[in-house]
Amino acid sequence: MSIPMIRLDHMSHIYEDAEGQEVYALKDISLQIEPGEFVAIIGTNGSGKSTLAKHFNVLLTPTEGTCKVCGMRTDDLDNLWKIRQQVGMVFQNPDNQIVAAIVEEDVAFGPENLGVPPDEIKHRVSDALKRVNMTIYAKHGPHLLSGGQKQRVAIAGILAMQSQCIVLDEPTAMLDPIGRREVMDTIRQLNAEGITVIIITHFMEEAVQTGRVIVIQNGELKMDGTPRSVFTKVDALKSMGLDVPAASELAFKLREKGIPLPGNIITKEELGDALCQLG
Amino acid sequence: MLTDITLGQYFPGNSFLHHLDPRAKIIGTMMFIVAIFFADSLLAYSIVTAFVVLNFIISRLPAKLILKSLRPLWIIIVFTMGVHIFTTPGDVVWQYGILHVTREGIYQGSRMTGRLIYLIVFSSLLTYTTSPIVLTDGIEHLLNPFRRIGVPAHELAMMMTIALRFIPTLLEETDRIMKAQTARGANFTSGSLWQRGKNMIPLLVPLFVSAFRRADDLATAMEARCYRGGEGRTRMNELSYTYRDGIAMTAVLLVTVVLATLRWLV
Amino acid sequence: MSIRLEQVMYTYGMGTPFEKTALNETNIEIHEGEFIGIIGHTGSGKSTFVQLLNGLLHPTQGTVTVDGIDVGLKTKAAMDMRHKVGMVFQYPEYQLFEETIARDIAFGPRNFGLSEAEIDERVREAMDFVGLDYQTYAERSPFRLSGGQMRRVAIAGVIAIHPEYLILDEPSAGLDPAGRREIFSGIQRWHEEKNITVILVSHNMEDISRMAGRLIVLSQGDIILDGEPLDIFSTQQETLRSAGVAVPPVTEVLQYLQARGFHLNDRVHTMDEAISSLYHCLRGMPHAH
């Protein structure tokens with residue numbers, strides 16, 4: 001058995017609000033993510049999904065229970081830098097995570113912090129930029145790039161640290177549809193190369209592209225399964241204030257109206273196939 | 001538009017000067033600036049002029065940049081000239097009321113203004129041919145020996161790097177907030193000085209809030225990327241001296257020695 | 001009553017090496033009471049376009065008139081006219097600056113010289129509009145609110161000016177479905193009750209097909225499509241794709257089913273209409289039941 005990439009055991013995160021009341025941002029969450037998985041975490045604003053993601057990279061530590069990354073406990077300070085090297089994070093605002101005024105310098109930032117020798121850094125930087133398809137922008141200033149390109153630079157910065165896992169906290173929220181597609185294409189390809197990808201998003205069409213969907217609501221884990229098993233629970237998702245892919249919703253509503261469709265439709269192709277079999 | 005301002009005034013190029021090590025350029029520039037103050041004869045000024053012109057030719061930058069570098073400081077140049085012309089005692093060549101111009105004044109004024117112009121032009125050559133990042137790197141390296149006496153060389157350099165990185169972003173943000181408040185009837189361009197100052201609040205508060213938010217985000221992002229200060233950190237582009245730097249330093253040294261000799265020994 | 005662009009062109013950084021034309025020569029009229037959706041990817045010229053509408057940018061060429069008055073002029077009439085066009089920028093919460101919510105919302109009305117009594121009335125009305133209780137929130141600091149609430153305060157600050165034309169740039173960016181609904185239900189109500197013109201810039205095609213009566217598509221500084229949204233969605237898919245924009249998700253599913261031989265109507269505004277379109281199509285089929 002390989003070591004799980006991430007393992008949470010009855011993990012809670014409690015903070016004090018303005019009135020000094022203890023509030024559970026996350027409550028009793030247990031889950032395990034294996035190396036190579038492609039996971040989406042969805043939930044409404046304020047559901048706790050970003051708080052959850054920050055635990056994977058030790059930007060936060062559990063108040064109760066444990067969080068282990070590659071078998072290392074995140075509350076043990078000795079593990080801090082090893083974990084951060086293993087798990088890279090991409091944040092929502094592409095402007096606020098680029099450190100250097102030249103793309104390749106920014107990609108080099110992580111490995112420089114890790115003390116990697118200069119020649120090795122150069123090699124890693126050019127390799128990372130190639131993998132996110134940004135090689136021709138190596139010498140550009142980041143303020144001249146589009147949002148999607150900036151996020152790809154941020155991803156390259158993590159690849160250059162040779163992280164095994166990338167956690168993306170709403171990486172596409174501030175992007176236009178083209179930028180969104182660029183980012184999704186890039187992370188899908190990286191996942192195919194074996195990197196564990198965890199994406200927090202509120203775009204359902206992005207969650208559908210993953211292999212596993214985790215639903216967080218009021219700090220609690222509400223659903224965890226394949227996109228198919230999650231997105232066919234149309235009523236439950238709607239009552240949590242979440243969207244579902246258009247094809248799932250159409251299929252669900254037609255079944256309510258008495259059309260005998262199977263209960264596992266989440267894509268337009270599946271809906272088309274099922275409707276053809278009716279006719 | 002605010003975002004049109006080019007920063008650091010770096011003009012990318014491929015000349016001999018562009019390829020010099022930043023440390024050599026910084027030290028060379030400082031040395032030459034000192035040398036400029038040695039000059040006090042016509043011959044010495046000719047040498048200085050020749051050296052500045054030669055460097056501009058080597059840099060392959062358009063000549064109009066010389067004027068561009070002087071433009072922001074023309075008031076100081078004119079002021080310097082004026083002060084010397086009108087206040088130096090000596091042979092009066094022209095008089096009007098209490099104002100009088102002396103031969104010595106003209107001489108002294110031209111000398112001081114000349115030095116000032118050469119100083120500005122030559123140091124702009126440094127920023128024109130060196131990217132801000134490389135310049136920062138050079139400064140960090142030059143400050144490194146002073147770390148033992150408590151100069152935070154790495155931190156200073158990191159601060160400069162981040163400032164350079166965020167200036168375009170914050171300019172864009174300023175433009176946006178200004179427009180948003182203008183759309184709500186704010187007026188940034190007219191009224192008394194006091195009124196105008198007060199009118200800046202709707203711009204400055206959101207700008208500061210935003211800058212702090214960005215700083216907070218950036219700190220988190222840097223931590224997530226294993227940043228823990230300068231200790232144990234390596235650099236992708238290490239600085240290294242080449243034969244070019246040797247040539248450049250020798251040239252500057254030579255000029256300095258010649259100017260010093262002209263001043264004190266001839 | 002309308003906003004009119006005549007031979008308008010806009011170029012950034014005229015006379016510098018960074019010169020770039022953001023909007024090519026454009027002629028267009030926006031009528032009173034319209035609900036217009038504007039789409040186009042980043043760099044298509046859409047933000048330049050909307051900023052020209054209320055004089056935040058002055059055209060390099062041509063004229064922009066609001067209700068017949070040239071907003072590019074420096075006359076009193078032109079300045080007053082500009083207040084008729086309200087603009088909600090993207091992430092408007094980042095422009096809040098006052099100590100209390102009420103004072104922030106009052107900023108616009110105060111600048112436009114209303115009396116204290118009028119200002120107070122406007123603030124109450126605007127807070128009601130965005131669903132923030134006056135008693136609870138008026139004296140609170142806007143910086144202690146959640147992101148969605150801050151967004152609503154910022155929108156209230158523009159509403160309080162009583163614009164006749166309201167421009168919104170991605171007002172729902174970063175909000176979940178519930179937050180999106182809250183913002184839009186207010187705007188729709190305002191549009192219907194007061195007959196104000198709404199110009200909505202958005203990447204969310206679903207929002208546009210649900211609310212807009214007219215759609216303008218920009219690409220590389222040109223208006224490439226201008227018409228009824230459902231017409232555009234059902235006949236201009238290729239043009240839309242080449243401009244880097246997509247049809248609404250529901251429409252996409254229906255169009256896919258059409259391509260597979262189902263005879264159904266893809267001209268739907270909402271999910272409910274899509275379901276009934278599909279349901280009727282299936283009922284018409286011989287073996288469906």
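**View 1. Polar contacts link chain B and chain A.** The rule finds 16 residue pairs in polar contact across the interface of chain B and chain A, both residues being at pLDDT 80 or more. A polar contact is a pair of N or O atoms within 3.5 Å; within protein, one must be able to donate a hydrogen and the other to accept it, and residues adjacent in sequence count only if both atoms are side-chain atoms. On the side of chain B that touches chain A, α7 (153–183) and α9 (201–224) of chain B each supply at least two residues. The largest share, 8 residues, comes from α9(B). Helices are DSSP runs (H or I, at least four residues), numbered from the N terminus.

This is a predicted model: local features need pLDDT of at least 70, side-chain atom pairs count only at pLDDT 80 or more, and totals for chains, interfaces and linings use all residues. Residues are numbered from 1 along each chain, chains are lettered from A, and side-chain values use heavy atoms, without hydrogens and water.

**View 2. A salt bridge joins A:Asp106 and B:Arg225.** Their closest N and O atoms are 3.4 Å apart.

**View 3. Chain B and chain A bury about 3100 Å² between them.** Carbon and sulfur atoms give 57% of this area. B:Arg165, B:Arg225 and B:Met236 supply 30% of the area that chain B buries against chain A, more than any other three residues. Buried area is the accessible area (1.4 Å probe) lost on being put together, summed over both parts.

Conventions
Buried area is the accessible area (1.4 Å probe) that two parts lose on being put together, summed over both. A salt bridge is a side-chain nitrogen of Lys or Arg within 4 Å of a carboxyl oxygen of Asp or Glu.
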